[in-house]
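Please look through the sequence and the structure first, then read on.

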Amino acid sequence: REREKSTQSTVLNSLKGKSVTISVKATKTGKLYAAVSEKQIMDAVASQLTVGINAEQVLIDDPIKTAGKHSVQIMVGEQGVALGVEIVLSAEKEAK
């Protein structure tokens, strides 16, 4: 049990104050084709922060359907930590 608490504490500290960036495809008007999923956030945390979490640990209050900065909760045991999620468009719109 102590080892589990120590592992949870390490994960919480690794995520505290951090953010990830997710690149998604969008329409010409900037609307996302689909809401960002818990799995996409889990994969971004694994690749960008090298912290292993499960998709079930990601709590999204409102579906993320727009580009910009958002916040989600990552639950680790009984505790949660806020994680910043920045959604960027993968294809730049032609501005010229």
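Gln57 sits in the loop that joins α2 to β2, the latter covering residues 58-59. The model is a predicted one. In it, Gln57 has a relative accessible area of 19%, under the 20% limit, and is therefore buried. Beyond its neighbours within four places in sequence, Gln57 is in contact with Gln73, Ile74, Met75 and Val76.

Of these, Ile74 has a contact list of its own. Setting aside neighbours within four places in sequence, Ile74 is in contact with Leu15, Ile53, Gln57, Val58, Gln79, Gly80, Val81 and Leu83.

## Overall layout

The chain contains two helices and four strands. Read from the N terminus, these elements follow the order α-β-α-β-β-β. The C-alpha trace spans about 60 × 20 × 20 Å along its principal axes.

Of the 96 residues in the chain, 27% are buried. The accessible surface amounts to about 6700 Å², and carbon and sulfur atoms account for 48% of that surface. Among contacts in the chain with a separation of 6 or more, 52% are between residues 24 or more positions apart.

## The sheet

Strands of a sheet pair through backbone hydrogen bonds, in either a parallel or an antiparallel sense. Here four strands make an open sheet, ordered β1-β4-β3-β2, with mixed pairing. β1 and β2 are at the edges and have a single partner strand each, so one side of each has no neighbour in the sheet.

Strand β1 (residues 19-24) pairs with strand β4 (residues 79-89) in the parallel sense, over six bridges. In this pairing, Val20 has Val85 of β4 as its bridge partner. β4 also pairs with strand β3 (residues 68-76), this time in the antiparallel sense and over nine bridges. Gln73 is opposite Ala82 in β4, and Ser71 has Gly84 of β4 as its bridge partner. β3 and β4 form a hairpin with two residues between the strands, where Gly77 has a positive phi near 65 degrees.

## Helix α2

Helix α2 covers residues 38-49. Its twelve residues reach 16 Å from the first C-alpha to the last, close to the 16 Å expected at 1.5 Å a residue. Ile41, Met42, Ala44, Val45 and Leu49 are the buried residues in α2. Viewed down the helix axis, the buried residues of α2 lie within an arc of 160 degrees, so they line one face of the helix. The cover over these buried residues includes α1 (2-15), β1, β2, β3 and β4.

Leu49 belongs to α2. Its relative accessibility is 18%, so Leu49 counts as buried. Apart from neighbours within four places in sequence, Leu49 is in contact with Leu15, Lys18, Ser19, Val20, Ala44 and Leu83. Ala67 is 18 residues from Leu49 in sequence, and the two are 21 Å apart in space, C-alpha to C-alpha.

Thr50 follows α2 and is found in the loop between α2 and β2. Is Thr50 buried or exposed? With a relative accessibility of 68%, Thr50 counts as exposed. Thr50 also has a positive phi of about 45 degrees, although it is not a glycine.

## The nonpolar core

The largest nonpolar core has 24 residues, and those that touch the most other members are Leu15, Ile41, Val45, Ile53 and Ile74. At least two residues of this core come from each of α1, β1, α2, β3 and β4. Which element gives the most to this core? It is α2, with five residues.

Ile41 and Val45 are among the buried residues of α2. Leu15 and Ile53 are among the contacts of Ile74, and Leu15 is also one of the contacts of Leu49.

How values were computed. Residues numbered from 1 in each chain as written. Predicted model: local features only at pLDDT ≥ 70, side-chain atom pairs only at ≥ 80, totals over all residues. Heavy atoms only, no water. Buried < 20%, exposed > 50% of the residue type's maximum accessible area, 1.4 Å probe, protein only. Contact = heavy atoms within 4.5 Å. Pairing = 2+ DSSP bridges. Expected span 1.5 Å × (residues − 1). Arc of directions from axis to C-beta. Areas by Shrake-Rupley, 256 points an atom, 1.4 Å probe, with all protein chains shown as cover. Core = buried A, V, L, I, M, F, W, Y, C linked by side-chain atoms within 4.5 Å.
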